[in-house]
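Welcome! Here is a short briefing to read alongside the sequence and the model.

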Amino acid sequence: MALNLGHQIGVLCGTPVAEHGGEQPATAVSAAAVWRPQVPLANLRCRRLGAGEIDQMSPPVSPCRSPVLGATRPDLSVACQALVTDAAAETAEGEVREYGGRAEMGMGKGVPVYVMLPLDTVRPGGGVNRRKAMNASLQALKSAGVEGVMVDVWWGIVEAERPGEYDWGGYSDLMEMARRIGLKVQAVMSFHQCGGNVGDSCTIPLPRWVLEEMEKDPDLAYTDQWGRRNYEYVSLGCDALPLLKGRTPAQCYADFMRAFRDRFQPRLGSTIVEIQVGMGPAGELRFPSYPELNGTWKYPGIGAFQCYDKYMLSSLKAAAEVAGKPEWGHGGPSDAGNYNSWPEDAPFFQREGGWNGPYGEFFLTWYSQMLLDHGERVLSAATSVFHGAGVKISVKVAGIHWHYGTRSHAPELTAGYYNTRFRDGYLPIAQMLGRHGAVFNFTCVEMRDEEQSGEACCRPEGLVRQVAAAARAAGVGLAGENALPRYDETAHDQIVQTAVEGEKMKAFTYLRMGPDLFQPDNWRRFVAFVKRMGEGREGGGQCREQVEREAEKFVHATGPLVQEAAVALMNG
């Protein structure tokens, strides 16, 4: 996930919530207390080694201008309580009443908005976490005109204990809940570990039997030049080797997707409309070059190459011999600094560094091609499995915007994107996706250059424009996400400008559903944002204030819906 210096991730905060509609007052519940992440998230600061900190404040949030919100605040507080109440018991969920759906809100041919569900939506062992709260929350999203939701389908939950044994129970419940409410689903085939990246609020490891094999053969894990292993994702160097209980990693991914298809065949193309295929850490097509776990990397470090497991080194050695330079096959550049270096600190990445020489061209071509070949293998399996199923296939690419303004683009290079001042590294990715008819999903759409660190040469807007141009040139659809939780109008304006008024996106996925989203001011802005996205260019003549005024009635209508669901939760 791309990082934003100016918007630090802190502890989720909420307001005490009291029961409504009953004779006896309920004990106040704090959203912050119940939704506190299991893994504390460190503040994101830009730290230059040997220099001072750069710390920017988030842009100011516009004050509430609505005379209606005073009335809706209690109801939205109940929404927060629904979100944070842990209800294990099954409920008798009746028919869903819609308030302010897409037709009622007058949504035209704009960009549909999806919302990411919490990472722990389905718990290990099966079942939907906070089931009643999830039902109430999904109804609230539907009432706002949201097209659907995105959910991680974790390899480490579904095929946790033994190879070939899949437990879809919790996901079956969730898909049925979405179907009843009328929301579509983007299902992420999450073949990576949860935990260790920005925004990871829980830990879900790879399947137990995969970890057992990695313990026997540590070279199944990505490895850096210092011998540090990364267990977020099986090294792509062994994609085609039968090292996981007799199957190759690529076969494991294909079998998992096939089992998903067979289990959810009746929902494909109707409720489940998109399959996002996980390709690496955080589900992104990249190497784990900037791992946060244990403080290994801190923003805005350049990261480190991940090519030192024996399988990657074997491939590198073969490539060097073919090139007639066997001396180049012993590893990556020795002068590439460390995880937290800046480009000027590492000779390889300096302005006239080795990245732009014969050896650099050889190594970076090989390194990035390994990533592209991995994408080809897994995408070929996905398109074969889901052919004719009526779902879109998408792949997520990381928005690595720091040091983008330098010549070498060091953090992109260590992640596997061979993108420099003199070479377009995103066009080959887009062309690879185009060969399989996949959508190019990109992050950091909400960011503005002026919000980022000038010293770290952050250029998110330029990066997004480059990716959009690559997608256009390759004839592939473009979709987007925000990299970090943002509920302010500045971020919303940037998303609308990029996704609707600029290179129109196929869809936008909003990160993430949680108690902060249902806070009154945030919810008002979100409803207006969804409306603006849905109207597309047709609504371009309306000012933001006008859109917000029109959205007020839908904000107000959300209250009874969420309150009804929350009362059922408290009485169930």
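In which strand is the place of Lys396? Lys396 sits in strand 9, which covers residues 392-397. This is a predicted model, where local features need pLDDT of at least 70 and side-chain atom pairs count only at pLDDT 80 or more, while totals for chains, interfaces and linings use all residues. Residues are numbered from 1 along each chain as its sequence is written, and side-chain values use heavy atoms, with hydrogens and water left out.

**The protein as a whole**

- The protein has 15 helices and 12 strands; helices (H or I, at least four residues) and strands (E, at least two) are DSSP runs, numbered from the N terminus.
- Of its 572 residues, 61% count as buried, where buried means under 20% relative accessible area, exposed over 50%, and partly exposed in between (1.4 Å probe, protein chains only).
- Looking at contacts between residues at least 6 apart in sequence, 79% join residues at least 24 apart; contact means heavy atoms within 4.5 Å.

**Active-site positions from UniProt**

- An unreviewed UniProt entry lists Glu284 and Glu481 under "active site"; UniProt positions are given in the numbering used here, feature names are shortened, and annotations may be inferred rather than shown by experiment.
- These two positions are spread over 198 residues of sequence, yet they cluster in space, with a largest C-alpha distance of 12.3 Å.
- Glu284 belongs to the loop between strand 8 (272-277) and helix 8 (310-322), and Glu284 is buried because its relative accessible area is 0%.
- Glu481 is part of strand 11 (residues 478-481), and its relative accessibility is 1%, so Glu481 counts as buried.
- Leaving aside neighbours within four places in sequence, Glu481 is in contact with residues including Met116, Met150, Gln276, Lys396, Thr443 and Phe508.

**Binding-site positions from UniProt**

- Under "binding site", the unreviewed UniProt entry lists Asp152, His192, Asp200, Lys396, His401, Thr443, Asn482, Ala483 and Arg512.
- Lys396 counts as buried, because its relative accessibility is 7%.
- Thr443 can be found in the loop between strand 10 (439-442) and helix 12 (460-474), and Thr443 is buried, with a relative accessible area of 1%.

**Helix 9 and helix 11**

- The axes of helix 9 (residues 358-385) and helix 11 (residues 427-435) come within 10 Å and cross at roughly 15°; axes are lines fitted to C-alpha atoms, for helices over the stretch in contact, and angles run from 0 to 180 degrees between N-to-C directions.
- That angle makes helix 9 roughly parallel to helix 11 (angles under 35 degrees count as roughly parallel, over 145 as roughly antiparallel, 65 to 115 as roughly perpendicular and the rest as oblique).
- Leu372, Gly375, Glu376 and Leu379 of helix 9 make the contact with Pro428, Ile429, Met432, Leu433 and Arg435 of helix 11.
- The residues of this contact of helix 9 with helix 11 divide into 6 nonpolar, 1 polar and 2 charged; Ala, Val, Leu, Ile, Met, Phe, Trp, Tyr, Cys and Pro count as nonpolar, Asp, Glu, Lys and Arg as charged, and the others, Gly among them, as polar.

**Helix 13 and helix 14**

- Helix 13 and helix 14 (residues 520-535) pack at an angle of about 10°, and their axes are 10 Å apart.
- The two helices, helix 13 and helix 14, are therefore roughly parallel to each other.
- Among the residues that make this contact are His492, Ile495 and Val496 of helix 13 and Arg525, Phe526 and Phe529 of helix 14.
- The contact of helix 13 with helix 14 has residues that divide into 7 nonpolar, 1 polar and 5 charged.
- His492 is placed in helix 13 (residues 489-501), and at 2% relative accessibility His492 counts as buried.
- Beyond its neighbours within four places in sequence, His492 is in contact with Arg486, Tyr487, Tyr510, Arg525, Phe526 and Phe529.

**Two loop residues**

- Asp239 lies in the loop between strand 7 (229-234) and helix 7 (249-263), and Asp239 is buried, with a relative accessible area of 1%.
- Trp342 is in the loop between helix 8 and helix 9; Trp342 and Ala410 are 68 residues apart in sequence and 8.3 Å apart in space, C-alpha to C-alpha.
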